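These are my notebook entries on one chain and its surroundings. I began with the contacts along the chain and then turned to single sites.

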Amino acid sequence: MFPETNKGFSYEDCKATSDWLLAQTDIRPNVGIVCGSGLGGLADMLKDQVVFNYKDIPNFPQSTVHGHAGRLVFGTLKGRPCVCMQGRFHLYEGYPIQKITLPMRIFKMLGVETVILTNAAGGLNQDFKVGDIMVIKDHINMPGFAGNNPLVGPNDERFGVRFPCMSDAYDRELQQLAVDIGQELGYGDFLKEGVYCVLGGPSFETIAECRILHKLGADAVGMSTVHEVIVARHCGMRVVALSLITNLVVMDYDSQEKANHEDVLQASKLRAGQLERLVSTVVTRIEPNNNYI
Ligand SMILES: O=P(O)(O)O[C@H]1O[C@H](CO)[C@@H](O)[C@H]1O
Ligand SMILES: Nc1nc2[nH]cnc2c(=O)[nH]1
């Protein structure tokens with residue numbers, strides 16, 4: 001028997017939420033966007049908005065973190081129908097892992113085929129600078145090593161298979177598209193690719209932890225995204241994810257630097273406009289039939 005907290009939301013619960021949303025908007029999104037810390041401006045790019053506060057959506061958790069507004073925004077981006085989470089949920093907020101990833105299943109039921117995730121992250125790669133945008137090519141699911149995976153619990157085949165593959169988690173064509181568009185927009189100097197490592201948070205990393213993550217091959221560290229990616233891939237949506245490097249992690253005992261969330265939000269602001277441009281251009285190059293142009 002699975003304990004109650006691992007049961008998550010049933011297919012019928014998710015359907016009830018998506019039907020509730022679909023009954024209140026004519027927009028039928030095929031792209032879903034998740035805004036990272038301080039990156040909620042991505043949602044403001046959408047035209048013809050229909051906005052739902054998370055507190056009004058059946059089964060939805062509430063945003064509790066500064067920099068995450070807590071609104072689900074439907075709209076169009078250069079004519080393409082999209083849905084955008086202006087605020088995401090994190091493990092450290094205390095929600096069960098199945099609850100923080102519920103919106104991915106709702107996206108799927110709304111008709112979303114491609115998910116674009118963003119996050120604020122600490123740079124571990126010694127070549128990274130604050131303000132770099134990293135196209136995520138792979139992840140390390142640290143909580144998953146200890147069994148904290150959003151797919152723990154009974155598997156409903158209507159969502160996906162019991163043992164989903166993750167070696168193709170980040171769509172290679174979409175990664176390339178993001179890199180190409182970044183180059184076209186003149187972002188070459190601050191556009192990177194790399195591996196994102198998720199930790200549970202909410203405490204930032206110790207120096208020893210950063211050193212170990214670096215040795216393990218992680219380029220950036222954060223407290224989100226990976227759980228959403230796993231659930232999105234489980235139900236067959238394609239994923240592209242971008243980290244904004246908002247701070248460089250402390251790796252040296254002589255350093256006086258200290259990570260803090262207000263600095264993360266400040267740094268997000270500096271590059272938010274360019275990240276929005278990158279995301280919106282990616283959206284406009286994804287054809288409804290999922291070809292790229
Ligand atoms: O990953 P997002 O939601 O961008 O937020 C990142 O920023 C917060 C820390 O400043 C953490 O929640 C971390 O995960
Ligand atoms: N874990 C973690 N999350 C972050 N989000 C933004 N910066 C950081 C960081 O340095 N560490």
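Entry 1, contacts. I worked from a predicted model. I looked up the contacts in the chain with a separation of 6 or more, and found that 83% of them join residues 24 or more positions apart.

I noted nine helices and nine strands in the chain. The radius of gyration is 18 Å, close to the 19 Å that the globule rule gives for 293 residues, so the chain is as compact as a globular protein of that length. I recorded a span of about 55 × 50 × 35 Å for the C-alpha trace along its principal axes. I also noted that 45% of the 293 residues count as buried.

I located Lys129 in the loop between β5 (114-123) and β6 (133-141). Is Lys129 buried or exposed? I found 12 other C-beta atoms within 10 Å of Lys129; a residue with 12 or fewer counts as exposed, so Lys129 is exposed. I then looked up Lys129 against Glu257: they are 128 residues apart in sequence, and their C-alpha atoms are 14 Å apart in space.

I found 15 residues around ligand 2, the closest being Ala120, Gly122, Gly222, Ala259 and Val264. The elements that give two or more residues to this shell are β5, β8 (220-222) and β9 (238-248). Which element gives the most to the shell? I found that β5 does, with three residues. By residue class, I recorded nine nonpolar, five polar and one charged in the shell around ligand 2.

Conventions
Residues are numbered from 1 along each chain as its sequence is written. Chains are lettered from A and ligands numbered from 1 in the order in which they are written. This is a predicted model: local features need pLDDT of at least 70, side-chain atom pairs count only at pLDDT 80 or more; totals for chains, interfaces and linings use all residues. Helices (H or I, at least four residues) and strands (E, at least two) are DSSP runs, numbered from the N terminus. The radius of gyration is taken over C-alpha atoms; the globule rule is 2.2 Å times the number of residues to the power 0.38. A residue is buried if 20 or more other C-beta atoms lie within 10 Å of its own, exposed if 12 or fewer, and partly exposed in between; C-beta atoms are placed from the backbone. Two residues are in contact if their C-beta atoms, placed from the backbone, lie within 7 Å. A residue is near a molecule or strand if its C-beta atom, placed from the backbone, lies within 6 Å of it. Ala, Val, Leu, Ile, Met, Phe, Trp, Tyr, Cys and Pro count as nonpolar, Asp, Glu, Lys and Arg as charged, and the others, Gly among them, as polar.
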